[in-house]
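Visitor: I have just opened my first structure and would like to learn how to read it. Could you walk me through it with me?

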2 protein chains.
Amino acid sequence: MDIIQSVLNGDKRSIAKLITLVEEKSDDFINILKKIYKYTGRAITIGITGAPGSGKSSLVNKLTRILRTQNKKVGIIAVDPTSPFTGGAILGDRIRMQDLTLDEGVFIRSMGTRGALGGLSRACYDAVKILDASGMDYIIIETVGVGQSEIDIVKLADIVLLVMVPGMGDDVQAIKAGIMEIGDIFVVNKSDKDGADRLVTEIEMTLDLGSSKNSWKPPVIKTIATENYGIVELSENIEKVLKHMMQDDLLNVKRKSRIKQEIISLLTETLIENIIFRYSEKIDMLIEKVLERQIDPYSAMEIIISDVK
Amino acid sequence: MDIIQSVLNGDKRSIAKLITLVEEKSDDFINILKKIYKYTGRAITIGITGAPGSGKSSLVNKLTRILRTQNKKVGIIAVDPTSPFTGGAILGDRIRMQDLTLDEGVFIRSMGTRGALGGLSRACYDAVKILDASGMDYIIIETVGVGQSEIDIVKLADIVLLVMVPGMGDDVQAIKAGIMEIGDIFVVNKSDKDGADRLVTEIEMTLDLGSSKNSWKPPVIKTIATENYGIVELSENIEKVLKHMMQDDLLNVKRKSRIKQEIISLLTETLIENIIFRYSEKIDMLIEKVLERQIDPYSAMEIIISDVK
């Protein structure tokens with residue numbers, strides 16, 4: 001159980017090793033996580049998402065630097081699509097964060113989506129627990145994709161930053177609209193581009209539509225991450241929103257919903273793995289029948305359910 | 001049971017109504033789907049995905065026109081993120097397809113991702129079944145998002161088109177790499193832009209890395225959808241790839257894997273809904289304990305599993 005103690009001491013190598021055990025679902029990783037759990041709950045998790053090319057990595061980089069000047073320890077989890085050929089996570093623009101890796105108070109990890117099959121948010125939140133137990137003050141979760149799974153991951157963070165840039169196409173706007181409700185702070189990055197003010201107005205108008213007159217409204221912040229513009233304001237707003245969420249007990253509501261999601265996803269995984277293992281022959285036989293239109297998929301499912309019962 | 005007969009007759013209003021029943025999980029929709037299932041299996045499904053702004057809708061539009069000149073009936077399902085405030089799917093650039101809706105042989109439907117929680121691919125494939133039974137020759141599934149859930153949907157299609165454009169940023173390339181293995185045809189759209197030939201070469205090199213010397217390689221096609229350039233070549237390649245997939249029995253392998261996914265997702269949904277309903281009080285009580293670090297999420301899951309057994 002050496003690894004637990006080293007993780008609790010903040011040893012980076014042990015943190016990395018334990019996350020790998022979680023990703024690979026190695027023997028005993030559940031027992032280790034069980035033992036670590038009571039040391040969690042201190043860290044604040046920040047989810048960052050937005051369309052590709054919106055400058056999320058630069059924002060994470062600059063935000064981390066500010067947190068470091070306040071002597072906060074920062075863990076960063078970058079959820080990346082995975083190359084089918086290399087087997088490893090694509091590091092892509094993580095390279096922009098390379099200078100941070102030399103800082104003792106920063107830990108960066110990429111996690112791939114390949115083959116995760118719904119298990120990604122579980123693995124990701126196990127990694128958050130490990131970083132939390134290791135003494136990180138802030139844990140930033142950045143997703144590259146802009147699909148439903150990626151949204152499912154960031155929306156479980158304590159506070160969610162939605163990053164947008166001016167002048168994107170039609171369906172980018174659609175994606176934006178689809179995820180607006182999960183944003184606690186809206187960041188208009190690359191705000192020196194044409195249309196930045198219009199985008200801010202659009203966001204504010206959409207937020208007005210969705211909220212009553214006196215209710216809390218998420219702040220909209222203009223930044224130019226590459227030039228460090230607006231980053232201090234962003235970090236101040238993160239503190240402000242957190243304070244508001246704590247006052248109104250919203251943080252606990254969010255954390256409970258994360259725990260619920262986690263328990264349900266663990267239940268699902270365990271039950272389904274069990275059933276697929278026990279009924280694999282029957283399932284294969286039913287697949288043939290469904291393919292030949294002898295039965296339909298719903299009836300096939302019902303046959304297995306009645307066997308399980 | 002009038003609705004079944006009208007769907008089988010290809011009545012558009014009935015098709016739309018039945019898809020709504022599926023989305024809303026209305027009473028009896030499963031019984032209707034069970035009865036319809038034996039009339040399915042004729043249609044070819046084409047999945048189209050790619051980064052936002054890559055011109056997928058224009059491609060679908062132009063491809064549909066060619067299929068219509070061959071007198072094929074075409075169903076189009078656009079998987080869209082959903083606005084949190086309007087409650088309806090964002091139609092965004094669907095408007096570009098508006099002229100197609102006047103054509104009797106074309107049916108277009110947007111399906112939203114909001115609240116789907118893993119049920120989206122089920123609802124989407126139920127819609128495919130309905131369109132299949134209604135006599136569509138081709139069913140095109142277009143996704144706007146580029147995340148894992150959207151990839152999970154298109155990869156279940158008979159044939160998958162991956163759309164890319166020259167000159168996108170770093171993390172677009174990462175997404176590209178993450179999904180290359182699901183592509184049966186690669187489309188470089190907006191190929192009049194700088195870097196189109198380089199992108200084609202990059203794709204071909206990546207495909208070479210992933211395949212043995214004499215194995216089948218997916219075609220890479222240059223298009224400019226808005227100018228109708230390359231669309232005939234694309235449609236010819238779709239036929240060529242389909243022929244290859246049928247010869248090598250790959251189509252049945254793919255369809256079996258789709259059926260397996262579907263049965264497993266139906267099983268998961270049914271079991272979990274059942275458990276959440278039966279154990280909701282216990283789950284709420286365990287969530288409190290997990291929040292207070294009295295127990296960990298894994299132990300909470302195990303307590304429920306042992307109750308279920």
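Guide: Gladly! Let us begin with axes: an axis is a line fitted to C-alpha atoms, for helices over the stretch in contact, and angles run from 0 to 180 degrees between N-to-C directions. Helices (H or I, at least four residues) and strands (E, at least two) are DSSP runs, numbered from the N terminus. This is a predicted model, in which local features need pLDDT of at least 70 and side-chain atom pairs count only at pLDDT 80 or more, while totals for chains, interfaces and linings use all residues. Residues are numbered from 1 along each chain as its sequence is written, and chains are lettered from A and ligands numbered from 1 in the order in which they are written.

Visitor: How many helices and strands does chain A have?

Guide: Chain A has twelve helices and seven strands.

Visitor: How are two packed helices described?

Guide: By the angle between their axes and the distance between the axes. Take helix α4 (residues 56–69) of chain A and helix α9 (residues 231–247) of chain A: their axes are 10 Å apart, and the packing angle is about 70 degrees. That makes α4(A) roughly perpendicular to α9(A). Angles under 35 degrees count as roughly parallel, over 145 as roughly antiparallel, 65 to 115 as roughly perpendicular and the rest as oblique.

Visitor: Which residues of α4(A) and α9(A) make the contact?

Guide: Two residues are in contact if their C-beta atoms, placed from the backbone, lie within 7 Å. Here α4(A) brings A:Lys62, A:Leu63 and A:Ile66, and α9(A) brings A:Ile231, A:Val232, A:Leu234 and A:Ser235. By class, the contact of α4(A) with α9(A) has five nonpolar residues, one polar and one charged. For these classes, Ala, Val, Leu, Ile, Met, Phe, Trp, Tyr, Cys and Pro count as nonpolar, Asp, Glu, Lys and Arg as charged, and the others, Gly among them, as polar.

Visitor: Is the crossing of α4(A) and α9(A) left-handed or right-handed?

Guide: A crossing is left-handed if the near helix is turned anticlockwise from the far one by less than a right angle, and right-handed if clockwise. The crossing of α4(A) and α9(A) is right-handed.

Visitor: At what angle do α10(A) and α10(B) cross?

Guide: They cross at roughly 130 degrees, and their axes come within 10 Å. α10(A) and α10(B) are therefore oblique to each other. Their crossing is right-handed. On α10(A), the contact is made by A:Ile264, A:Leu267, A:Thr268, A:Leu271, A:Ile272, A:Ile275 and A:Ile276, and on α10(B) by B:Ile264, B:Leu267, B:Thr268, B:Leu271, B:Ile272, B:Ile275 and B:Ile276. By class, that contact has twelve nonpolar, two polar and no charged residues.

Visitor: Which residues does α10(A) use in its contact with α11(B)?

Guide: First, the geometry. Helix α10 (residues 250–278) of chain A and helix α11 (residues 280–291) of chain B pack at about 115 degrees, with axes 9 Å apart. The contact is made by A:Asn252, A:Arg255, A:Lys256, A:Ile259, A:Lys260 and A:Ile263 of α10(A), together with B:Ile283, B:Leu286, B:Ile287, B:Val290 and B:Leu291 of α11(B). These residues divide into seven nonpolar, one polar and three charged.

Visitor: What should the 29 residues of helix α10 of chain B span?

Guide: The expected span of a helix is 1.5 Å times one less than its number of residues. For α10 (residues 250–278) of chain B that should be 42 Å, and its end C-alpha atoms are 42 Å apart, which agrees.

Visitor: Is A:Lys25 buried or exposed?

Guide: A residue is buried if 20 or more other C-beta atoms lie within 10 Å of its own, exposed if 12 or fewer, and partly exposed in between; C-beta atoms are placed from the backbone. With 12 C-beta neighbours inside 10 Å, A:Lys25 counts as exposed. A:Lys25 is in the loop between α2 (12–23) and α3 (29–36) of chain A, and has a positive phi of about 50 degrees although it is not a glycine.

Visitor: Where is B:Asn228?

Guide: B:Asn228 lies in the loop between β7 (220–222) and α9 (231–247) of chain B. Its phi is also positive, about 65 degrees, although B:Asn228 is not a glycine. B:Asn228 is partly exposed, with 14 other C-beta atoms within 10 Å.
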